[in-house]
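Here is a short report on a predicted model. It takes up a pocket first, then aromatic rings.

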Amino acid sequence: MAIRHHIIERPPEAVWAVLENPGLYGEWVVGTSASRPLDDRWPQVDASLEYSVSMGPWSYEGRTTVRRFEPHRWLELEAHIGRLGTARIAIEVRPWGGHTLVIVDEHPLRGLGGALHAAPLEVLIQLRHRSMLTRLAEVVERTTSPAPAASADAQALKDAHPPGVRS
């Protein structure tokens with residue numbers, strides 16, 4: 001299984017605002033040039049979106065379906081990749097201080113991709129995830145504001161007791 005993680009310097013709510021917007025998938029999912037919901041239920045279980053993949057003169061229309069959704073925690077998708085079958089893509093979102101830890105776990109699920117799954121495919125998925133998580137962070141950070149700065153009281157306390165100085 002290809003598992004990768006990335007810290008996004010925004011709170012989990014900001015990450016979910018992007019994950020819950022099917023129109024933004026084309027901006028952060030590597031290989032996807034556009035995405036559009038097939039109904040207005042995204043990201044509820046069994047909701048789907050269509051996506052386009054374009055490489056030179058070749059293009060492909062695919063579909064991704066939500067298989068598990070636990071708001072503000074899990075989004076598991078099944079991507080239908082034509083003759084290659086399907087892939088399971090699990091996205092876990094965890095609070096990480098004032099930021100968010102996003103963990104992606106992907107592997108072929110059905111069809112030819114599952115039957116031919118081997119180490120070289122894992123390497124390609126890892127490279128894809130590295131880029132995908134960086135792009136997700138960029139979209140989240142571009143579309144949301146940073147977390148509010150520490151309150152004046154917290155800053156005053158920090159100033160009164162600098163690190164390494166004992167009272």
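The largest pocket holds about 900 Å³ of space. Its lining counts 31 residues, and the closest to the pocket centre are Val30, Tyr51, Ile81, Glu106 and Arg128. By class, 23 lining residues are nonpolar, six are polar and two are charged.

Several elements build this lining. Helix H2 (25-28) and helix H4 (119-143) each supply at least two residues. So do strands S3 (48-55), S4 (58-70), S5 (74-80), S6 (86-96) and S7 (99-110). H4 gives the most, with five residues.

Now the rings. The whole structure has five aromatic pairs. Two of them compare as follows.

| Pair | Centre distance | Plane angle | Type |
|---|---|---|---|
| Tyr25 and Trp42 | 5.5 Å | 85° | edge-to-face |
| Trp58 and Tyr60 | 6.3 Å | 5° | stacked |

Tyr25 sits in helix H2, while Trp42 lies in the loop between strand S2 (32-37) and S3, so their pair ties together parts 17 residues apart in sequence. Are Tyr25 and Trp42 buried or exposed? Both are buried. Ring pairs also join Tyr25 and Trp42 with Trp28 in a cluster.

Trp58 and Tyr60 are set otherwise. Trp58 has a relative accessible area of 45%, so Trp58 is partly exposed. Tyr60 is partly exposed too, at 23% relative accessibility. The cut-off for buried is under 20%.

One charge also meets a ring. The charged end of Arg68 sits over the ring of Trp74, 4.5 Å from the ring centre.

Technical notes: Residues are numbered from 1 along each chain as its sequence is written. This is a predicted model: local features need pLDDT of at least 70, side-chain atom pairs count only at pLDDT 80 or more; totals for chains, interfaces and linings use all residues. Side-chain values use heavy atoms; hydrogens and water are left out. On a 1 Å grid over the protein atoms alone, a cavity is a set of points where a 1.4 Å probe fits but cannot get out, and a pocket is an open set with protein on both sides within 12 Å along at least five of seven lines; lining residues have an atom within 4 Å of a point. Grid points are joined across faces, edges and corners, and a volume is the space filled by probe spheres set on the points. Helices (H or I, at least four residues) and strands (E, at least two) are DSSP runs, numbered from the N terminus. Ala, Val, Leu, Ile, Met, Phe, Trp, Tyr, Cys and Pro count as nonpolar, Asp, Glu, Lys and Arg as charged, and the others, Gly among them, as polar. Rings of Phe, Tyr and Trp (its six-membered ring) pair if their centres lie within 6.5 Å; planes under 30 degrees apart count as stacked, over 60 as edge-to-face and the rest as tilted. Buried means under 20% relative accessible area, exposed over 50%, partly exposed in between (1.4 Å probe, protein chains only). A charge sits over a ring if NZ of Lys or CZ of Arg is within 6 Å of the ring centre and within 35 degrees of the ring normal.
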